[in-house]
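Thanks for coming. Please have a look at it first.

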Amino acid sequence: MSSVAENIPATFSPPNLYYNSAMTAPTDRDLIVSAMRGDGDAFGELVARYQTNVFNVCYRILHERGEAEDLAQETFLRAHQRLDQFDFEREFGPWVRRVAANLCLNHLESQKVAAPLDEDRDADESQRPERQVEVRERSEQIRGALASLPPHYRVVVELRHYQEMSYDEIAAELKIPLSDVKSHLFRARKLLAEKLHAPD
Amino acid sequence: MHLTDDQLNEYLDNETAERAQIETHLASCADCATRLTALQTLFAEIESLPDLALSRSLAPRLTPHALALPRWLTLTATLQAALALIAILLAAPVFATRLPVIQMPSFADLLLQLQSQWALFFDTITTYQLPTLPQLPPLEISTFVLSFTLAGASLLWLVGNGLLLRKQIRN
Ligand SMILES: [Zn+2]
């Protein structure tokens, strides 16, 4: 699956739009304050810092690169609109990742009809070294298993395993009862175990 | 009595109040210990997913155009300028009839005039004599039109800038 996605070097780094290397890097808070005053470049710098992070949240939940990039973009637009709601006691990274997870859930729920999973997406792996292929195949199996889960399960797994939120925090974030957080999470893990550890 | 799946999940998530009891059971029950290990392996696998790189940076697409003021709002600046020009054009003939013909004095004359004005001003403030208010001109129709035009332009200017400022503050 998604061989195109895997071909991009992990060292890809966006150009620095906001400050040059001779200057001390502004903190996230500095950038947020500037962005709130209407400084587009400051917000651009925040985007540059967190776009890979946010994109990966979207990609784990959506499992489709184009959609994930669109939703990542949408996440930053929403974050920009809601900057006045940002709590300066907290960190920007976790906040913007939660915005992303919520947006992806809404996106999946609005789609209703689940698109059938494309099983042939990682067809072209023949030219890679053996071990790398194994790792990649396992990663893709995990991504595939995640993508097969119902939307709410995927998001709960994302928030627990990748954003390390507590049950209570997840319940508050998704506005669902604590009992639902647990049942979604535990059932999701059971389904993942069945998919990933099934005898070949 | 074995541990439930929920107990194992909560134990690994650090979300249980019965840690000690669970650990006691795990120490003496190979079955439950194996189930715990399997769950731990699953956690490790889920969390092993590497981060992928973006195919393109999102930053240039977001700034500055995407974050700029909406087009209709920036257009109000042009509208304001146009309205101001119209207001000036409307007001110009009224002023022209009222203003005396301007004669360009020489620089020396200007200085002399300035000096006399200063002397006059100094004289006024030293004698503490309040100047009498000049007689207001009678309301003519042209004055009314002028006032109305200026008031309208000012109101539009205020509303336009209010909108611009509100957007700016929210950003
Ligand atoms: Zn047991």
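How many salt bridges are there between chain A and chain B? This is a predicted model, and in it the count between the two chains is seven. One of these pairs is B:E10 with A:K182, where the closest N and O atoms are 2.9 Å apart. Polar contacts across the interface of chain A and chain B come to 18 residue pairs, with both residues at pLDDT 80 or more.

Which parts of chain A do the touching? The elements giving two or more residues to the side that touches chain B are α1 (3-6), α2 (28-36), α3 (40-62), α4 (65-81), α6 (130-147), α7 (151-162) and α9 (178-196) of chain A. The largest share, eleven residues, comes from α3(A). Sorted by class, this side of chain A has 28 nonpolar, twelve polar and 13 charged residues.

Now the interface as a whole. Chain A puts 53 residues into the contact, and chain B puts in 32 residues. The size of an interface is often quoted as the accessible area lost when the parts come together. Here the area buried between chain A and chain B is about 3,900 Å², and carbon and sulfur atoms give 58% of that.

Next, salt bridges over the whole structure. The search finds 17 of them over all chains. One lies inside chain A: the side chains of A:R49 and A:D28 meet at 2.7 Å, N to O. That pair links distant parts of the chain, with A:R49 in helix α3 of chain A and A:D28 in helix α2 of chain A, 21 residues apart.

Last, the metal. Which atoms coordinate the zinc ion? They are ND1 of B:H2, NE2 of B:H25, SG of B:C29 and SG of B:C32, at 2.0 to 2.3 Å. The angles among the four donor atoms run from 96 to 131 degrees, and the site is tetrahedral. Along the chain, the donors follow the spacing H-x22-H-x3-C-x2-C. B:H2 sits in the segment before α1 (5-12) of chain B, and B:C32 in helix α3 (residues 30-46) of chain B; the two are 30 residues apart, so this pair, too, links distant parts of the chain.

Note on methods
Residues are numbered from 1 along each chain as its sequence is written. Chains are lettered from A and ligands numbered from 1 in the order in which they are written. This is a predicted model: local features need pLDDT of at least 70, side-chain atom pairs count only at pLDDT 80 or more; totals for chains, interfaces and linings use all residues. Side-chain values use heavy atoms; hydrogens and water are left out. Contact means heavy atoms within 4.5 Å. Buried area is the accessible area (1.4 Å probe) that two parts lose on being put together, summed over both. A salt bridge is a side-chain nitrogen of Lys or Arg within 4 Å of a carboxyl oxygen of Asp or Glu. A polar contact is a pair of N or O atoms within 3.5 Å; within protein, one must be able to donate a hydrogen and the other to accept it, and residues adjacent in sequence count only if both atoms are side-chain atoms. Helices (H or I, at least four residues) and strands (E, at least two) are DSSP runs, numbered from the N terminus. Ala, Val, Leu, Ile, Met, Phe, Trp, Tyr, Cys and Pro count as nonpolar, Asp, Glu, Lys and Arg as charged, and the others, Gly among them, as polar. Donors are N, O and S atoms within 2.8 Å of the metal (3.2 Å for Na, K and Ca); water is not among the atoms, so sites may look incomplete. Four donors count as tetrahedral if all angles lie between 85 and 135 degrees; four count as square planar and six as octahedral if opposite donors are over 155 degrees apart and all others between 65 and 115; anything else is irregular.
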